[in-house]
Structure formats: structure tokens, C-alpha cells
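Have the model open as you read.

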Amino acid sequence: MSELDSSDLNILLVEPSAVQRKIIRNELNKERVEDIDEAATVADAQHRIATIRPDLVISALYFPDGSAMDLLSSIRSNPEISDLPFMLISSETRHSELDQFKQSGVVAILPKPFGHDHLATALNSTLDLLSSDDLELEYYDATSLRVLVVDDSRMARKVIRKVLENLGIEHITEAADGSEAITLLPEGFDLIITDYNMPEVNGLELTEAVRSSSEYSHLPILMVSSEANQAHLSNVAKAGVNAMTDKPFEPATVKKLLANILEG
């Protein structure tokens with residue numbers, strides 16, 4: 001159970017339309033979120049973030065002075081706020097446009113218009129990122145688990161690390177792609193969490209390398225992917241991953257998957 005509640009959140013809502021801001025604010029109020037600041041431009045949002053340090057930024061995609069990616073990039077490049085949870089609300093559906101946000105570790109991407117259930121789930125994911133909730137396992141001590149996180153996105157690795165640390169997992173090693181991960185395998189791990197799309201050696205190739213090895217074939221693998229191609233995902237499943245989840249993922253879902261993988 002999260003230590004925080006949605007009513008504890010301070011949210012910065014960044015949306016150029018006053019009408020849309022009112023609609024989203026009303027939906028947030030239904031989730032008992034009352035502490036909401038607003039901005040209509042990228043510049044105003046940057047100023048508000050520096051002033052109020054919100055718990056979550058909820059942003060539209062386009063503004064008169066830039067885009068949500070401009071805002072997100074400025075957040076991610078600032079070490080003091082680089083892990084600030086960010087949620088995108090957009091009518092954009094093209095994978096090529098949304099993938100850059102998924103790779104930057106956003107907590108959720110909601111359609112416009114979005115369903116209330118989508119918002120509630122996204123807020124819960126934010127609370128999970130901000131709270132600690134130890135992973136309860138019968139046969140493992142979460143604090144002793146050794147996890148290898150493989151992703152070419154530094155921010156994606158940071159988000160996964162944050163989720164794992166909040167679950168009580170302390171021993172986490174990072175690799176920037178499958179090639180580096182393979183060289184790290186002799187260090188000894190209990191679990192591999194890997195992205196699908198990576199340079200050099202991708203998640204599928206990493207999985208195949210692990211499964212074909214007599215020494216490491218037993219290692220559980222959780223695939224985290226923004227991949228939309230069903231044929232690719234089918235190949236990944238056949239290669240022997242233990243579970244798959246989408247990017248951006250929900251921490252609660254990851255906790256359940258980890259429990260199933262490690263206790264299964």
C-alpha cells in the first residue's frame with residue numbers, strides 16, 4: 001500500500017486551453033487532488049516548476065512556445081528535478097511521436113479525451129513512484145535480490161531503478177544494451193529486466209543469448225517495451241521471456257509480475 005494518497009499530491013497542469021485545463025482539473029478533483037497549479041506555456045511551466053517543485057507534471061503536447069518534449073527535456077537535463085514524474089495527455093496516436101516520451105520515462109500517456117479510470121491508474125503509478133512498498137516474497141529476500149536492468153535510455157533505467165528500490169530491492173546493476181548485459185552476466189543475477197529496442201544487441205537477441213547458455217538459461221527475464229509490432233512481440237514471447245509489460249509501465253503491475261516470476 002502506498003504511503004501517500006492522491007490528496008497529498010501537488011500537480012502542475014500544463015495546458016494552453018483554459019477549457020481543457022478546467023476539464024482536467026475537474027477530473028483531478030474527483031480523485032481528491034486539490035493542490036493544482038496551472039501553466040499555459042513551456043516557459044511558464046518551467047518557471048512554476050522552479051518555484052513550486054510539484055510532485056507531478058501533467059502536460060499537453062503542443063504549446064505556442066514549444067512542445068511537451070521541450071519541457072520534458074529541460075526537466076530531465078536538470079539533475080535537481082530529473083526524476084520528476086511526468087504525464088502526457090495528447091490526441092497523438094503515432095508510435096513514432098509517442099515513443100520518445102516512453103523512452104524518457106514518463107509515468108503515463110493518456111489519450112485526449114481520456115477515461116477517468118486511465119487518470120486514476122496514472123495517479124496511482126505516480127504514488128507508487130513516490131512511495132516505498134516492499135516486495136513480499138516467500139522464497140526470496142527482496143533486499144538480497146540481484147537485478148540486471150538493461151535499457152539504452154538512461155532515464156528509463158532510472159525509472160526502473162526507482163521502482164525496484166521502492167520495492168526494497170537494493171542490488172541493481174545497469175547495462176546500456178544487450179551487448180553490455182552479456183558481459184555482465186558472470187557477476188551473477190537473480191533477474192534480468194530488459195528493454196526490447198536497443199542498439200547493438202536488442203532485447204530479443206539478449207533473451208536468445210541467455211536461453212541458449214547452459215550457465216544462465218535459468219535466469220528469469222522481464223521484458224519492458226514500447227514496441228507496437230505484434231510480430232516482434234510474438235517472437236520475443238517465443239524466445240522465452242517470463243513476462244512482458246508496456247512502456248510506460250505501472251509500478252503495481254511490475255510488482256505483481258516480479259512476484260509471479262520469482263515465485264513461479
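A few ground rules before going on. This is a predicted model, where local features need pLDDT of at least 70 and side-chain atom pairs count only at pLDDT 80 or more, while totals for chains, interfaces and linings use all residues. Residues are numbered from 1 along each chain as its sequence is written, and side-chain values use heavy atoms, with hydrogens and water left out. Helices (H or I, at least four residues) and strands (E, at least two) are DSSP runs, numbered from the N terminus.

Two strands count as paired if DSSP finds at least two bridges between them.

Buried here means under 20% relative accessible area, exposed means over 50%, and partly exposed is in between (1.4 Å probe, protein chains only).

Two pairings can be picked out by their bridges:

| Strand pair | Bridges | A bridge partner pair |
|---|---|---|
| Strand 8 and strand 9 | five | Arg146 and His171 |
| Strand 11 and strand 12 | four | Met223 and Met244 |

**The cores**

Which residues touch the most other members of the largest nonpolar core? Met87 and Leu258 do, out of its 44 residues. A nonpolar core is a set of buried Ala, Val, Leu, Ile, Met, Phe, Trp, Tyr and Cys residues joined through side-chain atoms within 4.5 Å. Leaving aside neighbours within four places in sequence, Leu258 is in contact (heavy atoms within 4.5 Å) with Leu135, Leu164, Leu167, Ile169, Leu191, Ile193 and Leu222. Another core lies apart from this one and has 22 residues, among them Ala45, Val57, Leu98 and Phe101.

You'll find Ser82 in the loop between helix 3 (68–76) and strand 6 (86–90). It counts as buried because its relative accessibility is 3%. Not counting residues up to four places away in sequence, Ser82 touches Ile75, Arg76, Met155 and Lys158.

**Pocket and cavity**

On a 1 Å grid over the protein atoms alone, a cavity is a set of points where a 1.4 Å probe fits but cannot get out; a pocket is an open set with protein on both sides within 12 Å along at least five of seven lines, and lining residues have an atom within 4 Å of a point. Grid points are joined across faces, edges and corners, and a volume is the space filled by probe spheres set on the points.

The largest pocket has a volume of about 480 Å³. Its lining has 27 residues, and Ala108, Ile109, Asp246, Lys247 and Pro248 are the closest to its centre. Helix 4 (95–103), strand 7 (108–111), helix 5 (116–130) and strand 12 each supply at least two residues of that lining.

How many cavities of 30 Å³ or more does a search of the whole structure find? It finds one. The largest cavity has a volume of about 90 Å³ and is lined by 13 residues, with Gly105, Val106, Val159, Pro248 and Phe249 nearest its centre. Helix 6 gives the largest share of this lining, four residues.

Pro248 is in the loop between strand 12 and helix 10 (251–263), and a cis peptide bond joins Lys247 to Pro248, with omega about -5°. The bond from Lys112 to Pro113 is cis too, with omega near 0°; Pro113 is in the loop between strand 7 and helix 5.

Arg32, in the loop between helix 1 (18–30) and strand 2 (35–39), is a residue other than glycine with a positive phi, near 70°. Arg32 counts as partly exposed, at 47% relative accessibility. Glu200 has a positive phi of about 65° although it is not a glycine. Glu200 is found in the loop between strand 10 and helix 8 and is exposed, with a relative accessible area of 68%.
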